[in-house]
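Biologist: Hi! Could we go through this one together?

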There are 2 protein chains.
Amino acid sequence: MKPVSNVTVLQQLGWRYATKKFDPTHKIASEDWKTLEQALLLTPSSYGLQPWKFIIITDPAKRAELRPFTWNQPQVTDCSHFIVFTIRKNIDPGHVQRLIDRTSEVRQVPATSIEPYKQMMLSDVVHGPRSLHANEWAARQVYIALGNFMTCAAMLGVDTCPIEGFEPPRYDQVLGLAHKGLAAVVCCAAGYRADDDKYAPMSKVRFKAEDVVERI
Amino acid sequence: MKPVSNVTVLQQLGWRYATKKFDPTHKIASEDWKTLEQALLLTPSSYGLQPWKFIIITDPAKRAELRPFTWNQPQVTDCSHFIVFTIRKNIDPGHVQRLIDRTSEVRQVPATSIEPYKQMMLSDVVHGPRSLHANEWAARQVYIALGNFMTCAAMLGVDTCPIEGFEPPRYDQVLGLAHKGLAAVVCCAAGYRADDDKYAPMSKVRFKAEDVVERI
């Protein structure tokens, strides 16, 4: 017995679409939002480093302030919960140490026993090959969170719209991210579609399997 | 009535972990693999451009060939299905046109009616601001697919292990990707955990909500 059936998974992925018009009166219930926030936190990341912070904006004033820096897209102000996915810039030894400390705490093992793991992260992301593009590496991790979030939302019947069309430097300014070592990389609106979103009934467009899948 | 309950979503995200030891005798049933492949295809992408190709490798010889270029990780050869996520390099007007043609076909609208959409993609990803880092943009899209895939697999009770620890240039060579305009960016092993994977029972380590979530 599978936790979720094949039919349900495909049905919900088919149901989701990039919602252009949200119903501004329909808010995500607190219990459901808690689940989605928890789903975000559970996103897998390389080394488990979680190089991110999720800014959840429900304040209408702040959203009105961000909308002009988002190609004026109405989803910013009309959705229920608006998420700005940010990376932690320039992952440093302090961040790695925080993960080690947290691992030691959660798994109740001495930090010394996971020293090799720490050294592996330091010698890759902080001082090694990935350090040259640590921010881009972090941005990619954030997109795992975006993918996970949209899929979990679809499973719960919550609509989303991923948004790359925004001005990251303006967001960083409005949200005061820079001095916290954060940078906005992508956004996602979540809520419920308006009854009259003309995009909702359109067929989903995907290339044929033979054009995007190769089997070896 | 939600399609999937909150409890099931969180239970399955809690159940999943980066599987270190797969049961090599336990293959994903054909019907389930079809669902997962379909889930991959349904992944959302910016503009719907799907700048990717998914290489699904079940051939043991090819997997043995790739394993040394994957830090010798046993998941490469022991899992049921091994996926190499590749980007389509340097998205060009031809790719955009293929999406327009496909959209016209699927939605049964004349291509001329979606000309503004085409111009928008061209003036951003092909000739505009995103063209300067089109490959990195494509790589981020691929990570949405990775996130979506791992979450859908978890919903079906299928184990996965995302793999960034590999040598992309070697993969490109072994899989003959370069001359097809493709480049490997990340991998994912899928299948079922071995009964004795010592990582399976370990507690999942995540930072506390207050460290990765900010509410405004």
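Modeller: Happy to. One term before we start: two residues are in contact if their C-beta atoms, placed from the backbone, lie within 7 Å. Keep in mind that this is a predicted model.

Biologist: Okay. What covers the buried residues of α2(B)?

Modeller: Both chains contribute. The cover includes α1 (6–15) and α9 (209–212) from chain A, along with β1, α7 and β4 (182–191) from chain B.

Biologist: And which residues in α2(B) are buried?

Modeller: They are B:Asp32, B:Thr35, B:Leu36, B:Ala39, B:Leu40 and B:Leu41. In general, an α-helix has 3.6 residues a turn, so residues three or four places apart point the same way.

Biologist: What span should the 12 residues of α2(B) have?

Modeller: At 1.5 Å a residue they should span 16 Å, and the end C-alpha atoms are 17 Å apart, which agrees.

Biologist: Switching to the interface: how many residues of chain B are in contact with chain A?

Modeller: 65 residues of chain B, meeting 65 of chain A. On the chain B side, α7(B) gives the largest share, with 14 residues. By type, that side has 33 nonpolar, 17 polar and 15 charged residues.

Biologist: In which sense do β5 of chain A and β1(B) pair?

Modeller: Parallel, over 3 bridges, with β5 of chain A covering residues 213–215. Within that region, A:Glu214 stands opposite B:Ile55 of β1(B).

Conventions. Residues numbered from 1 in each chain as written. Chains lettered and ligands numbered in written order. Predicted model: local features only at pLDDT ≥ 70, side-chain atom pairs only at ≥ 80, totals over all residues. Helix = DSSP H or I, 4+ residues; strand = E, 2+ residues; numbered from the N terminus. Nonpolar A, V, L, I, M, F, W, Y, C, P; charged D, E, K, R; others polar. Pairing = 2+ DSSP bridges. Expected span 1.5 Å × (residues − 1). Buried ≥ 20, exposed ≤ 12 C-beta atoms within 10 Å, placed from the backbone.
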